[in-house]
Amino acid sequence: RMNRKYPGVHAGAQRDYTASIAVYVDQSGSVTNDELELLFSELSALARHTEFVCYHFDTEVDEESETVWRRGSTPEASRTRCGGTCFKAPTKHANKNRHRFDGYLILTDGWASSPGPSKLRRGWVITTGGEEQGFMKRETCIKMKKETKS
(Lines give C-alpha, C1' and ligand atoms only; values in the text may rest on other atoms or scores of the structure.)
Protein backbone atom coordinates (compact mmCIF):
# COMPACT_ATOMS: atom_id res chain seq x y z
CA ARG A 1 0.00 0.00 0.00
CA MET A 2 1.09 3.56 -0.65
CA ASN A 3 2.23 5.69 2.24
CA ARG A 4 -0.68 8.08 2.84
CA LYS A 5 1.35 10.87 4.41
CA TYR A 6 4.24 10.87 1.88
CA PRO A 7 3.07 9.00 -1.25
CA GLY A 8 5.94 8.14 -3.59
CA VAL A 9 8.54 9.54 -1.16
CA HIS A 10 8.53 6.87 1.56
CA ALA A 11 7.68 3.20 1.20
CA GLY A 12 4.24 2.12 2.27
CA ALA A 13 3.05 -0.92 4.19
CA GLN A 14 3.39 -4.35 2.60
CA ARG A 15 0.75 -6.98 3.27
CA ASP A 16 1.40 -10.72 3.40
CA TYR A 17 -1.94 -11.87 2.01
CA THR A 18 -2.32 -15.01 -0.05
CA ALA A 19 -5.63 -15.71 -1.72
CA SER A 20 -7.30 -19.02 -0.95
CA ILE A 21 -9.20 -20.54 -3.86
CA ALA A 22 -11.34 -23.67 -3.67
CA VAL A 23 -10.93 -25.95 -6.67
CA TYR A 24 -13.53 -28.60 -7.48
CA VAL A 25 -12.31 -31.28 -9.89
CA ASP A 26 -14.97 -33.14 -11.87
CA GLN A 27 -14.36 -36.87 -11.37
CA SER A 28 -17.23 -38.09 -13.55
CA GLY A 29 -16.70 -40.77 -16.17
CA SER A 30 -16.85 -38.22 -19.02
CA VAL A 31 -13.56 -36.62 -17.86
CA THR A 32 -10.65 -38.82 -18.97
CA ASN A 33 -7.50 -39.51 -16.95
CA ASP A 34 -5.41 -37.55 -19.50
CA GLU A 35 -7.65 -34.51 -19.01
CA LEU A 36 -7.34 -34.86 -15.23
CA GLU A 37 -3.55 -34.89 -15.49
CA LEU A 38 -3.67 -31.80 -17.71
CA LEU A 39 -5.87 -29.99 -15.18
CA PHE A 40 -3.66 -30.95 -12.25
CA SER A 41 -0.49 -29.80 -14.04
CA GLU A 42 -2.09 -26.43 -14.76
CA LEU A 43 -3.01 -26.04 -11.09
CA SER A 44 0.53 -26.96 -10.08
CA ALA A 45 1.84 -24.07 -12.19
CA LEU A 46 -0.70 -21.63 -10.72
CA ALA A 47 0.02 -22.68 -7.11
CA ARG A 48 3.17 -20.56 -7.12
CA HIS A 49 1.04 -17.46 -6.64
CA THR A 50 -1.86 -18.58 -4.47
CA GLU A 51 -3.13 -21.36 -2.21
CA PHE A 52 -5.58 -23.90 -3.61
CA VAL A 53 -7.83 -26.19 -1.60
CA CYS A 54 -8.79 -29.02 -3.94
CA TYR A 55 -11.89 -31.25 -3.70
CA HIS A 56 -13.13 -34.03 -5.97
CA PHE A 57 -16.79 -34.19 -6.95
CA ASP A 58 -19.28 -35.96 -9.18
CA THR A 59 -22.86 -35.77 -7.87
CA GLU A 60 -21.57 -34.76 -4.41
CA VAL A 61 -18.35 -33.30 -3.01
CA ASP A 62 -15.86 -35.76 -1.53
CA GLU A 63 -14.70 -33.86 1.58
CA GLU A 64 -12.16 -36.58 2.41
CA SER A 65 -10.28 -35.75 -0.80
CA GLU A 66 -9.41 -32.25 0.48
CA THR A 67 -5.85 -31.38 -0.59
CA VAL A 68 -4.10 -28.07 0.08
CA TRP A 69 -1.69 -26.95 -2.66
CA ARG A 70 0.94 -24.40 -1.78
CA ARG A 71 4.11 -23.24 -3.47
CA GLY A 72 6.48 -26.11 -4.12
CA SER A 73 4.01 -28.96 -3.56
CA THR A 74 2.87 -31.26 -6.36
CA PRO A 75 0.02 -33.60 -5.39
CA GLU A 76 -0.69 -36.58 -7.60
CA ALA A 77 -3.54 -36.65 -10.09
CA SER A 78 -5.84 -39.29 -8.66
CA ARG A 79 -9.43 -40.39 -9.12
CA THR A 80 -11.71 -40.93 -6.11
CA ARG A 81 -15.11 -40.75 -7.78
CA CYS A 82 -16.71 -41.94 -11.03
CA GLY A 83 -20.42 -41.06 -11.08
CA GLY A 84 -22.34 -38.45 -13.08
CA THR A 85 -21.90 -34.68 -12.85
CA CYS A 86 -23.92 -32.22 -10.77
CA PHE A 87 -22.65 -28.63 -10.51
CA LYS A 88 -25.02 -27.86 -7.64
CA ALA A 89 -22.87 -29.94 -5.25
CA PRO A 90 -19.68 -27.79 -5.49
CA THR A 91 -21.74 -24.58 -5.52
CA LYS A 92 -23.53 -25.60 -2.32
CA HIS A 93 -20.23 -26.67 -0.69
CA ALA A 94 -18.47 -23.39 -1.62
CA ASN A 95 -21.39 -21.28 -0.39
CA LYS A 96 -21.35 -23.20 2.90
CA ASN A 97 -17.57 -22.59 3.30
CA ARG A 98 -17.45 -19.04 1.90
CA HIS A 99 -15.65 -17.75 5.01
CA ARG A 100 -12.61 -19.90 4.02
CA PHE A 101 -12.35 -19.01 0.32
CA ASP A 102 -12.03 -15.92 -1.85
CA GLY A 103 -13.60 -17.72 -4.81
CA TYR A 104 -13.71 -21.11 -6.47
CA LEU A 105 -12.95 -22.86 -9.74
CA ILE A 106 -14.77 -25.82 -11.21
CA LEU A 107 -12.55 -27.98 -13.45
CA THR A 108 -14.84 -29.94 -15.75
CA ASP A 109 -15.81 -30.91 -19.27
CA GLY A 110 -18.95 -28.78 -18.93
CA TRP A 111 -21.56 -31.47 -19.53
CA ALA A 112 -24.18 -30.85 -16.81
CA SER A 113 -27.07 -28.52 -16.02
CA SER A 114 -26.87 -25.04 -14.51
CA PRO A 115 -25.82 -24.89 -10.84
CA GLY A 116 -27.81 -21.75 -10.09
CA PRO A 117 -26.53 -18.58 -8.36
CA SER A 118 -23.43 -18.50 -6.18
CA LYS A 119 -22.50 -16.28 -3.22
CA LEU A 120 -18.79 -16.48 -4.16
CA ARG A 121 -17.01 -15.67 -7.42
CA ARG A 122 -17.04 -18.76 -9.59
CA GLY A 123 -14.79 -19.64 -12.48
CA TRP A 124 -14.85 -22.51 -14.95
CA VAL A 125 -11.95 -24.39 -16.54
CA ILE A 126 -13.21 -26.51 -19.44
CA THR A 127 -11.17 -29.50 -20.66
CA THR A 128 -10.09 -29.99 -24.26
CA GLY A 129 -12.92 -32.44 -24.99
CA GLY A 130 -15.57 -30.36 -23.21
CA GLU A 131 -17.82 -27.52 -24.22
CA GLU A 132 -18.74 -24.18 -22.66
CA GLN A 133 -22.43 -24.00 -21.72
CA GLY A 134 -24.68 -20.93 -21.91
CA PHE A 135 -24.91 -20.41 -18.15
CA MET A 136 -21.08 -20.13 -17.92
CA LYS A 137 -20.90 -17.04 -20.14
CA ARG A 138 -21.70 -14.63 -17.27
CA GLU A 139 -18.71 -15.88 -15.28
CA THR A 140 -15.00 -16.38 -15.92
CA CYS A 141 -14.58 -19.32 -18.28
CA ILE A 142 -11.30 -20.79 -19.56
CA LYS A 143 -11.24 -23.34 -22.38
CA MET A 144 -8.09 -25.49 -22.42
CA LYS A 145 -6.41 -26.22 -25.74
CA LYS A 146 -4.47 -29.25 -26.84
CA GLU A 147 -0.75 -28.68 -27.11
CA THR A 148 0.51 -29.16 -30.64
CA LYS A 149 3.93 -30.71 -31.04
CA SER A 150 6.05 -29.29 -33.83
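**Ground rules**

I am working with a predicted model, so I kept to its limits: local features need pLDDT of at least 70, side-chain atom pairs count only at pLDDT 80 or more, and totals for chains, interfaces and linings use all residues. I number residues from 1 along each chain as its sequence is written, and side-chain values use heavy atoms, with hydrogens and water left out.

**Entry 1: the hairpin**

I began with strands β2 (residues 51-57) and β3 (residues 61-69), which run antiparallel and are joined by 5 bridges. Helices (H or I, at least four residues) and strands (E, at least two) are DSSP runs numbered from the N terminus, and two strands pair if DSSP finds at least two bridges between them. With 3 residues between them, β2 and β3 form a hairpin.

**Entry 2: aromatic rings**

Next I looked up the ring pairs and found 6 aromatic pairs in the structure. Here rings of Phe, Tyr and Trp (its six-membered ring) pair if their centres lie within 6.5 Å; planes under 30 degrees apart count as stacked, over 60 as edge-to-face and the rest as tilted.

Y24 and Y55 are one of these pairs, stacked at 5.4 Å centre to centre with 15° between the planes. This pair links distant parts of the chain, since Y24 sits in strand β1 (residues 20-26) and Y55 in strand β2, 31 residues apart. I found both Y24 and Y55 buried (buried means under 20% relative accessible area, exposed over 50%, partly exposed in between, with a 1.4 Å probe and protein chains only).

Y24 also pairs with Y104, this time edge-to-face, at 5.8 Å centre to centre and 90° between the planes. That pair, too, links distant parts of the chain: Y24 in strand β1 and Y104 in strand β4 (residues 103-108) are 80 residues apart. The relative accessible area is 0% for Y24 and 2% for Y104, so both count as buried.

I noted a cluster as well: ring pairs link F57, F87, W124 and F135.

**Entry 3: cysteines**

How many disulfides does a search of the whole structure find? I got 0, taking a disulfide as a pair of cysteine sulfur atoms within 2.5 Å. C54 is buried at 1% relative accessible area, whereas C141 is partly exposed at 22%.

**Entry 4: salt bridges**

My search of the whole structure gave 4 salt bridges, each a side-chain nitrogen of Lys or Arg within 4 Å of a carboxyl oxygen of Asp or Glu. I went through some of them.

E63 and K96 form one, with the closest N and O atoms 3.7 Å apart. It links E63 in strand β3 to K96 in helix α2 (residues 88-96), 33 residues apart. E63 is partly exposed at 46% relative accessibility, and K96 is exposed at 56%.

R100 and E66 form another, their closest N and O atoms being 3.2 Å apart. R100 lies in the loop between α2 and β4 and E66 in strand β3, so this pair ties together parts 34 residues apart in sequence. Both are partly exposed, R100 at 34% and E66 at 36%.

E139 and R122 have their closest N and O atoms 2.8 Å apart. E139 is in the loop between β5 (122-126) and β6 (140-143), R122 is in strand β5, and 17 residues separate them. Is R122 buried or exposed? R122 is buried, with a relative accessible area of 9%, while E139 is partly exposed at 24%.
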